[in-house]
Amino acid sequence: MTERDTHRVIPLMDHRPRGLVVPTAAFHPDTRLTASGLMADTRGRALRDLRISVTDRCNFRCNYCMPKEIFDKDYAYLKHTDLLTFEEITRMARVFVAHGVEKIRLTGGEPLLRKNLEQLIEQLAELRTPTGKPLDITLTTNGSLLARKAQSLKDAGLQRVTVSLDGLDDAVFRSMNDVDFPVADVLDGIEAARAAGLGPIKINMVVKRGTNEQEILPMARHFKGSGIVLRFIEYMDVGATNGWRMNEVMPSAEVVQLIKSELPLVQLEPSNLGETAERWGYADALGQHDKAAGEIGVISSVTQAFCGDCNRARLSTEGQLYLCLFAEKGYDLRSLIRGQASDADLQSAVAHIWQGRSDNYSEQRSSMPADQGAPVKRVEMSYIGG
Ligand code: SAM
Ligand code: SF4
Ligand code: SF4
């Protein structure tokens, strides 16, 4: 029995809670707006970023996300008819764009497992913001199918990708994905994405203390000067199955200190409001940012809550709208879309839901006892997407 097994509590429950009923009261456009005139939630946050999960399946079993013990051959994944179709996703995306969303991230599960994903990207690429701008369309992937798909994704209208990569050492990588997948194939995928012009490429590395912190410096050295932005993510208490413990979180401040000990860094300004990563640039001999050497990011979801400007909503694979990564329930938009709802009804429902939003889980976590984490009913990340 491993150390992980001894302290893991495996709850016997369906990790897809029943949806909340969508409020139906009419939307009054002047009820709650930000200073720039965008629809605001109860904390004054606009809705700018929509993450759409296109599948709840994955070919990896990262133990911090889809541990094998739970996501085994008997796990009940969604049926095909439960998934939103590409037309339904595009229709929902259009509604969100009308409310101010400018960025769409496709995620999952592993989004590249969804058949004909390029067709969805083509449909989304045709959408325009109210001021006529194309959307910023991106995708988060484990990179396993990227070598094969990078060019067709680019041709369909995808602009950039984020690839998850938790280390360069093959043994560490194989054990973290828990399906013995070789790191070389993901590195080939990243090269294919670069060759296809899917940029700027970002790499996400989840740092789990005791598992892959020895990979931090090799990863920093490898991507320095490559034009690729490497981002270190604190291991989070998402979902109810990964047995999260605070002592396995390596605070971003430590990651920055470790890198600085070998590669000097200077802090950079955030690139935009709602930016989740704190940016650090590699410094030159004068202590100035050396742009050719590039930058890294740290995402401190556990040690430094950034709920204050959280402008993200998540649409699950089966059309439930989640207002927070740590939410226990989502709003059932699929039943509206498969009912008689007009686009105006959908728009009104989304406005009503967003304007009632008050979520700030990470801020609340800061005042919880160290090892507590979120309540166990929270939804899985592979279901709503990261
Ligand atoms: N399968 C794709 C991938 O891995 O890139 C997309 C979905 S995955 C849920 C999205 C992101 O969530 C990945 O970068 C992954 O590393 C991150 N993630 C999953 N579980 C996490 C956890 N417990 N803490 C921090 N990040 C996590
Ligand atoms: Fe799959 Fe991504 Fe979760 Fe890993 S993090 S199990 S690749 S969905
Ligand atoms: Fe946003 Fe919820 Fe994360 Fe806070 S905890 S930043 S509200 S997703």
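So, burial: of the 386 residues in this chain, 54% are buried, where buried means under 20% relative accessible area, exposed means over 50%, and partly exposed is in between, with a 1.4 Å probe and protein chains only. Keep in mind that this is a predicted model, in which local features need pLDDT of at least 70 and side-chain atom pairs count only at pLDDT 80 or more, while totals for chains, interfaces and linings use all residues. Residues are numbered from 1 along each chain as its sequence is written, chains are lettered from A and ligands numbered from 1 in the order in which they are written, and side-chain values use heavy atoms, with hydrogens and water left out.

The secondary structure comes to 12 helices and 12 strands. Those are DSSP runs, numbered from the N terminus: helices are H or I with at least four residues, strands are E with at least two. Among contacts with a separation of 6 or more, 73% are between residues 24 or more positions apart; contact means heavy atoms within 4.5 Å.

Okay, let's look at helix 8, residues 252-260. Which residues are buried there? They're Ser252, Val255, Val256 and Ile259. Looking down the axis of helix 8, those buried residues fall within an arc of 95°, so they line one face of the helix. The arc is taken from the directions from the helix axis to the C-beta atoms.

The axes of helix 7 and helix 8 come within 10 Å and cross at roughly 60°. Axes here are lines fitted to C-alpha atoms, for helices over the stretch in contact, and angles run from 0 to 180 degrees between N-to-C directions. On the helix 7 side you've got Ile216, Leu217 and Ala220, meeting Val255, Leu258 and Ile259 in helix 8. By class, the residues of that contact are six nonpolar, no polar and no charged. For the classes, Ala, Val, Leu, Ile, Met, Phe, Trp, Tyr, Cys and Pro count as nonpolar, Asp, Glu, Lys and Arg as charged, and the others, Gly among them, as polar.

Next, Ile203, in strand 5 (residues 202-207). Its relative accessibility is 0%, so Ile203 counts as buried. Leaving out residues up to four places away in sequence, Ile203 touches several others, including Val163, Met219, Phe223 and Leu230. Leu230 is 27 residues from Ile203 in sequence, yet their C-alpha atoms are 4.7 Å apart.

Most residues other than glycine have a negative phi, and most peptide bonds are trans. But the bond from Gly199 to Pro200 is cis, with omega near -5°, and Pro200 sits in the loop between helix 6 and strand 5. Asn116 has a positive phi, near 55°, in the loop between strand 2 and helix 3.

Last stop, the ligands. The shell around ligand 2 has five nonpolar, two polar and no charged residues, and Cys58, Cys62 and Cys65 are among them. A residue counts as near a molecule or strand if one of its heavy atoms lies within 4 Å of it. Around ligand 3, the shell has seven nonpolar, one polar and four charged residues, including Arg312, Arg314, Arg357 and Asp359.
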